Amino acid sequence: MSVSITPRTTAAWQAADTRHYLHPFTDFKQLANEGARIIVRADGVYLHDSEGNQILDGMSGLWCVNVGYGRRELADAAYQQMLELPYYNSFFKSSHPPAIELATLLAQVSPPQFSRVFYTGSGSEANDTIVRMVRRYWDIKGEPSRRIIISRENAYHGSTMAGASLGGMKSMHAQGGLPIPGITHIEQPHWFENGGDLPRDEYGLHAARRLEARIEEVGPGNVGAFIGEPIQGAGGVIIPPDTYWPEIQRICDRYGILLVADEVICGFGRLGHWFGSTAFGFRPDLMSMAKGITSGYQPLGGVMVSDKVAEVLVDQGGEFHHGYTYSGHPVACAVAARNIRILIDEGIVERVRADTGPYLQQRWRELAAHPLVGEARGMGFIGALELVADKATRRFRPDRGATGLICRDHCFANGLVMRAVQDTMIIAPPLIMERSHIDELIEKAWRCLDLTARDLGAR
Ligand code: PXG
């Protein structure tokens with residue numbers, strides 16, 4: 001049998017893709033009708049497709065390619081590690097240098113309460129680990145009733161059973177009988193949609209106090225943890241008011257429940273700090289990581305465990321019956337360590353905080369002047385635009401979601417990746433973008449907004 005694996009034309013790639021490849025979060029039939037865009041290579045902040053188009057990547061792949069594409073250092077780190085020790089596990093009293101070196105580095109760049117990591121293969125697995133760890137923690141502490149984890153509506157914490165359950169996406173819960181027991185969701189801190197006439201800061205307190213109300217409702221002795229993304233990414237770049245996280249911290253402290261930060265998107269410099277919790281001034285007991293930990297060059301995730309939690313798990317816990325074949329995969333760890341050194345050596349996080357982040361935010365906010373845009377918000381290297389029917393009342397069009405898709409298609413056709421979440425357009429560019437790239441992004445975004453407005457007008 002001869003199997004051809006190098007069809008050359010776009011059509012040939014698409015035909016094989018349709019025939020053999022089920023894509024994530026995809027209407028399979030619809031994609032088969034339209035054909036996938038085939039990305040063949042990438043360099044710096046640009047993607048190249050099979051038609052020869054160059055596309056500015058405003059999404060860092062999927063919120064992950066923080067140091068940009070084409071980094072030889074990362075390829076070399078993987079190559080060298082594969083020659084040295086391509087795989088070994090960390091079960092049964094074994095360990096290896098790359099996992100140890102990365103754990104040490106992670107302890108250095110994390111907030112001071114963290115000195116230990118538990119490795120996973122992805123962000124979803126990290127959040128699954130957190131569910132098991134939180135429940136194990138309370139069991140050991142002699143409070144096994146504290147099983148409930150409180151999360152938020154429209155949160156995204158992954159696609160495994162526990163990850164999707166922690167997440168607050170109704171469409172995901174509807175498929176497969178989720179959430180699993182012991183997970184409950186409160187309002188997301190989304191001022192643009194839920195704030196009404198309240199000033200932002202007042203709304204932030206109001207949204208945070210939903211946590212207090214839910215704790216009282218289910219019984220303080222039954223709650224183990226609260227989990228949140230510092231900024232909700234996949235849910236539409238929901239940036240809480242400044243009052244929100246300090247109030248959440250106060251409530252968690254008051255009831256003695258664990259505070260969990262999902263740093264899968266916000267971690268590793270995206271907000272101009274190593275972790276989002278620092279940017280918002282709160283102090284998590286556990287944090288999940290993935291994506292930017294390797295800049296997407298290798299699949300890797302993990303959970304940073306605070307000394308407070310580790311004291312219980314390590315000193316009193318006995319065996320923790322949990323782990324993955326690829327926990328601490330040597331190649332992924334070697335790449336992550338090199339990636340973190342790039343972030344440190346090139347001062348990338350500081351540059352986002354002090355220079356390119358503020359510049360991106362200043363230019364991004366210019367888009368608020370466009371007739372379609374109800375709000376242009378952002379922080380660090382994340383941004384969102386609300387495409388509305390009426391700016392004053394923050395009202396979306398009745399066919400909510402359609403405008404975002406029109407805009408997204410124009411972006412692709414005009415050499416820019418922006419992601420649409422309903423009628424919210426989103427960017428999370430590689431952290432190495434220069435001012436000239438940011439100018440290019442804004443120019444292209446403005447043009448695509450114009451094209452979208454033209455289409456809406458013609459309908
Ligand atoms: N937590 C957060 C905050 C995430 O954004 C995960 C956990 C899960 O990570 P893994 O590695 O298991 O995918 C994520 C993932 C989107 C999109 O459409 C976002 C993610 C994944 C897929 C799509 O914006 N984030």
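Predicted model: local features only at pLDDT ≥ 70, side-chain atom pairs only at ≥ 80, totals over all residues.
Residues are numbered from 1 along each chain as its sequence is written, and side-chain values use heavy atoms, without hydrogens or water. Helices are DSSP runs of H or I with at least four residues, numbered from the N terminus.

**Helix 4 and helix 14**

- The axes of helix 4 (residues 72–84) and helix 14 (residues 330–345) come within 8 Å and cross at roughly 150° (axes are lines fitted to C-alpha atoms over the stretch in contact; angles run from 0 to 180 degrees between N-to-C directions).
- That makes helix 4 roughly antiparallel to helix 14 (angles over 145 degrees count as roughly antiparallel, under 35 as roughly parallel, 65 to 115 as roughly perpendicular and the rest as oblique).
- Helix 4 makes the contact through residues including Glu-73, Leu-74 and Met-82, and helix 14 through residues including Pro-330, Arg-338 and Ile-342 (contact means heavy atoms within 4.5 Å).
- The residues of this contact between helix 4 and helix 14 divide into nine nonpolar, two polar and two charged (Ala, Val, Leu, Ile, Met, Phe, Trp, Tyr, Cys and Pro count as nonpolar, Asp, Glu, Lys and Arg as charged, the others as polar).

**Helix 6 and helix 13**

- The axes of helix 6 (residues 123–140) and helix 13 (residues 307–316) come within 10 Å and cross at roughly 65°.
- Helix 6 is therefore roughly perpendicular to helix 13.
- Helix 6 passes helix 13 in a left-handed crossing.

**Salt bridges**

- The structure holds 20 salt bridges (a side-chain nitrogen of Lys or Arg within 4 Å of a carboxyl oxygen of Asp or Glu).
- One of them joins Glu-346 and Arg-71, at 2.8 Å from N to O.
- Glu-346 lies in the loop between helix 14 and helix 15, and Arg-71 in the loop between helix 3 and helix 4, so the pair ties together parts 275 residues apart in sequence.
- Arg-71 is buried at 13% relative accessible area, while Glu-346 is partly exposed at 36% (buried means under 20%, exposed over 50%, partly exposed in between, with a 1.4 Å probe and protein chains only).

- Arg-250 forms a salt bridge with Glu-212, with the closest N and O atoms 3.2 Å apart.
- Arg-250 also meets Glu-247 in a salt bridge, at 2.8 Å from N to O.
- Salt bridges that share partners join Arg-209, Glu-212, Glu-247, Arg-250 and Arg-254 into one network.

Notes:
Helix = DSSP H or I, 4+ residues; strand = E, 2+ residues; numbered from the N terminus. Left-handed = near helix turned anticlockwise from the far one by under 90°.
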